Amino acid sequence: MTEKLTGKLFLIVGPSGSGKGTVIRTLGAKYKGFFYPISYTTREPREREKDGESYHFVTKEKFKQMIAEDDFLEYAVVHSDNYYGTAKTEIIDALNGGAVVIREVDIQGFHAIRKIIPKGNLVSIFMKVPNLSDLKGRIEMRGAIEPEELQRRLDSAARELAQAGDCDYQVHNEWGKMKVCMSDVESIILEEIKGLY
Ligand code: 5GP
C-alpha cells in the first residue's frame with residue numbers, strides 16, 4: 001500500500017486548544033496546493049462548524065461501519081468519548097501522487113500513523129503550550145463546554161505533553177504569539193519539502 005509514496009504527510013499534534021486548527025487554517029489560506037484531508041468524528045459539531053468543513057460528522061453506527069470496511073488509516077477514541085479517524089484512501093492516493101498532506105491528529109493517531117507511513121514520507125510537529133492553566137483559558141474561549149468535557153481535555157493534554165518528544169519537531173505557541181508559532185511551522189514545512197518540488 002505504501003511502497004511508492006512520493007509525497008509528504010505532516011501531522012500537527014498537540015493538546016486541545018494548542019492552536020492546531022488555527023495553524024492549519026492559516027496554511028490552507030496561503031498554500032492552496034497542499035492537501036488538507038477532513039477527518040471523521042462522532043462528536044457533535046460546535047456552533048460554527050459545518051459538516052464537511054472541519055469534519056465529516058457521523059453517527060457512532062456509521063463510524064463503526066467504516067471501521068469494519070477498513071476505511072481508516074487510523075482512528076482513535078479521543079478524550080474518552082468520541083471517535084476520530086482519518087480516511088485511508090484519499091491520504092494514500094495523495095501521497096502516491098506526490099502531494100504535501102497536512103492533518104491534525106491526537107497523539108494516538110500519530111503513533112498509529114508512524115507505524116504505517118514510511119519515515120521518509122512523514123513529519124510530525126508537536127505544538128507546545130506554556131502551561132495547563134493557559135490551555136484551560138484557550139479551550140474555554142472557543143465556546144461553552146461542560147466541566148467534565150473540559151476536565152477530560154485537560155487530562156488528555158497532560159498525557160500528550162508528556163509525549164511531545166516523540167515527534168520530529170516541537171514548536172511553542174505562547175499566549176499572544178501565534179505569528180511566531182505559525183512562522184516556525186511554516187519554516188519546518190518549507191525546509192522539509194525543499195527539493196521535493
Ligand atoms: P476536537 O474535538 O477539539 O476537534 O479534536 C479533539 C482531538 O482529536 C484533537 O486533539 C484533534 O487533533 C484530534 N483529532 C482530530 N482529527 C483526528 C483524527 O482523524 N484522528 C485522531 N486520532 N485524532 C484526531
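Student: What order do the four strands of the open sheet have?
Tutor: The order is 3-2-5-4, and the pairing is mixed. Keep in mind that this is a predicted model.

Student: Which strands are the edge strands?
Tutor: Strand 3 (56-57) and strand 4 (72-78), since each of them pairs on one side only.

Student: And strand 2 with strand 3, in what sense do they pair?
Tutor: Strand 2, residues 40-41, runs with strand 3 in the parallel sense, over two bridges. Within that pair, T41 stands opposite F57 of strand 3.

Student: What packs on the sheet?
Tutor: Helix 3, residues 88-96, does. Helix 3 touches strand 4 and strand 5 (82-87), and its direction makes about 35 degrees with that of strand 5.

Student: New topic, the ligand. How many residues surround it?
Tutor: There are 19, and the closest are S39, R43, Y55, Y84 and E104.

Student: How do those 19 divide into nonpolar, polar and charged?
Tutor: The shell has nine charged, five polar and five nonpolar residues.

Student: How much of the ligand's area does the protein bury?
Tutor: Taken alone, the ligand exposes 510 Å², and the protein buries 97% of that.

Student: Which elements give two or more residues to the shell?
Tutor: Strand 4, strand 5 and strand 6 (100-104).

Notes. Residues are numbered from 1 along each chain as its sequence is written. This is a predicted model: local features need pLDDT of at least 70, side-chain atom pairs count only at pLDDT 80 or more; totals for chains, interfaces and linings use all residues. Side-chain values use heavy atoms; hydrogens and water are left out. Two strands pair if DSSP finds at least two bridges between them. Contact means heavy atoms within 4.5 Å. Axes are lines fitted to C-alpha atoms, for helices over the stretch in contact, and angles run from 0 to 180 degrees between N-to-C directions. A residue is near a molecule or strand if one of its heavy atoms lies within 4 Å of it. Accessible areas come from the Shrake-Rupley method with a 1.4 Å probe; for residues, only the protein chains shown count as cover. Ala, Val, Leu, Ile, Met, Phe, Trp, Tyr, Cys and Pro count as nonpolar, Asp, Glu, Lys and Arg as charged, and the others, Gly among them, as polar.
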